[in-house]
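Please look at the sequence and the model first.

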Amino acid sequence: MKKYFYRLLAKYLAFYIRSSDEVTEVSPKNKWLLQYLGHPLTHSIAHLPLAQDQPPAKKTAYVVLNGNLHYERDIQAFLIQLQQLCTAQTRVMVCYYNALWRPLTYLATRWGFRNHLPEQNWFSASDLKNFSLLADYEIVSEQQRILCPVYIPLVSYFLNRWLAPLPFFRWFTLVRIAVLRPLQANHWTQPSVSIVVAARNEAGNIENIVKRLPKMGINDELILVEGNSEDDTWEEIKQVQATYKGKINIKIAQQPGKGKGDAIRTGFALATQDILMILDADLTVSPEDLPKFYQAMLHNKGEFINGSRLVYPMENKAMRFFNLLGNKAFAKAFSFLLNQRFKDTLCGTKVISRHNYLRLAQNRNFFGDFDPFGDFDLLFGAARLGLKIVEIPVSYKARTYGKTNIKRWSQGFLLLKMVWFAARKIKFI
């Protein structure tokens, strides 16, 4: 029973924890979870707080708490002490247990199927949210897992993989896994930004982008990436770079492959500043909105900032009816899959720190490389890193030049394929 249970738990945690990450489990009651995680940089510490005569606590990428909060007399004080293991990038993985299972855990202990453990606290998700707030943490995401903690051929697989994540059934699961981030100040003082613009058949918008781009940091850079245009976009990009030389730092490139995602990755590879931004070349989202994203990153409101076009009224003909329905549907689907709320997953305006993007890029092969849009490559990667995703509403305007590059039906089917792929990689595992 124990081995099966801890294998499952390790599998769910391994979605976030990679083999290159340093992991610390605090006060483990047994060796099973560390053993099944199997990472070379995984270790444990016996207790908190660390004694004063010990050296300062070593910071770690992930802290695992498996049931610890059920045994602590003062959960708030324990979480505050835990900060000594954390940086702003650390993620605390809290595994706690559903109070509905309390009678069964009592019987399992009494009949010898489970070690006797002195559980004192049986708390709810809202209690954990409150404790986190008091101890300067924020819950990034939470999921419910394991309907059947014992191995029954076929039955356990069906219940735990396919039923447990679903609405209604998840309220009866045994384990809840919360991802917490410490609310520690950013090291930035006045970070600069790299704004990446993927431009295909957008010759009439290029100079407008440069003229309207607001200044945010001291050493901001604009990166214009052209890809497979049928008009004179590339010539216009070169002309604009020459015209504004000395006034704004403009880097230019032609993407080696196809699709917006490839163009964005090309631009990010050239970026050198602290914060990476994506701005669509069609100017349907105003460059003047970018300081809102900058301020959200600067003040640590989130670690991945996503634009949302579905809050404010849109200009007439800015988005066709079926595109609007598709956007709403995909937002619902990804809110369910990624355990964070989304209003609009397909808005092109997205912001992430360069540090986190490089971490995301190192592990891109987990999801594959078939996203031509680039949006889901970033969203999946941010969710796997346990980043706090925040949406900023923006006004969505109609095009004033050119026509859309979106093929809504063929690309819509590709998006459905990506939803199914993500479901098997993230939710139903």
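This is a predicted model: local features need pLDDT of at least 70, side-chain atom pairs count only at pLDDT 80 or more; totals for chains, interfaces and linings use all residues.

Strands of a sheet are joined through backbone hydrogen bonds, in a parallel or an antiparallel sense. Here 6 strands form an open sheet with mixed pairing, in the order β2-β1-β3-β4-β6-β5. The edges are taken by β2 (42-45) and β5 (137-145); each has a single partner strand, so one side of each has no neighbour in the sheet. From one strand to the next, the twist averages 25°.

Strand β4 covers residues 91-97 and strand β6 covers residues 175-182, and the two pair in the antiparallel sense over 6 bridges. Y96 stands opposite R176, which lies in β6.

## Helices α3 and α5

Two packed helices are described by the angle between their axes and the distance between those axes. For helix α3 (residues 75-82) and helix α5 (residues 125-134), the angle is about 50° and the axes are 9 Å apart.

On the α3 side the contact is made by I75, Q76 and L79, and on the α5 side by F131, S132 and L134. By class, the residues of the contact of α3 with α5 are 4 nonpolar, 2 polar and no charged.

## Helices α1 and α6

Helix α1 (residues 2-14) and helix α6 (residues 155-163) have axes that come within 13 Å and cross at roughly 30°. Angles under 35 degrees count as roughly parallel, and α1 and α6 are therefore described as roughly parallel to each other. The crossing in which α1 passes α6 is right-handed.

Y4, L8 and Y12 in α1 meet S156, Y157 and N160 in α6. The contact of α1 with α6 has 4 nonpolar residues, 2 polar residues and no charged residues.

## Residue I352

I352 has its place in strand β12, which spans residues 350-353. Is I352 buried or exposed? I352 has a relative accessible area of 1%, and buried means under 20%, so I352 is buried.

Leaving aside residues up to four places away in sequence, I352 touches I275, L276, M297, E303, F304, Y357, L360 and L387. I352 and S20 are 332 residues apart in sequence, and their C-alpha atoms are 21 Å apart in space.

Definitions and conventions:
Residues are numbered from 1 along each chain as its sequence is written. Side-chain values use heavy atoms; hydrogens and water are left out. Two strands pair if DSSP finds at least two bridges between them. Helices (H or I, at least four residues) and strands (E, at least two) are DSSP runs, numbered from the N terminus. Axes are lines fitted to C-alpha atoms, for helices over the stretch in contact, and angles run from 0 to 180 degrees between N-to-C directions. Contact means heavy atoms within 4.5 Å. Ala, Val, Leu, Ile, Met, Phe, Trp, Tyr, Cys and Pro count as nonpolar, Asp, Glu, Lys and Arg as charged, and the others, Gly among them, as polar. Buried means under 20% relative accessible area, exposed over 50%, partly exposed in between (1.4 Å probe, protein chains only). Angles under 35 degrees count as roughly parallel, over 145 as roughly antiparallel, 65 to 115 as roughly perpendicular and the rest as oblique. A crossing is left-handed if the near helix is turned anticlockwise from the far one by less than a right angle, and right-handed if clockwise.
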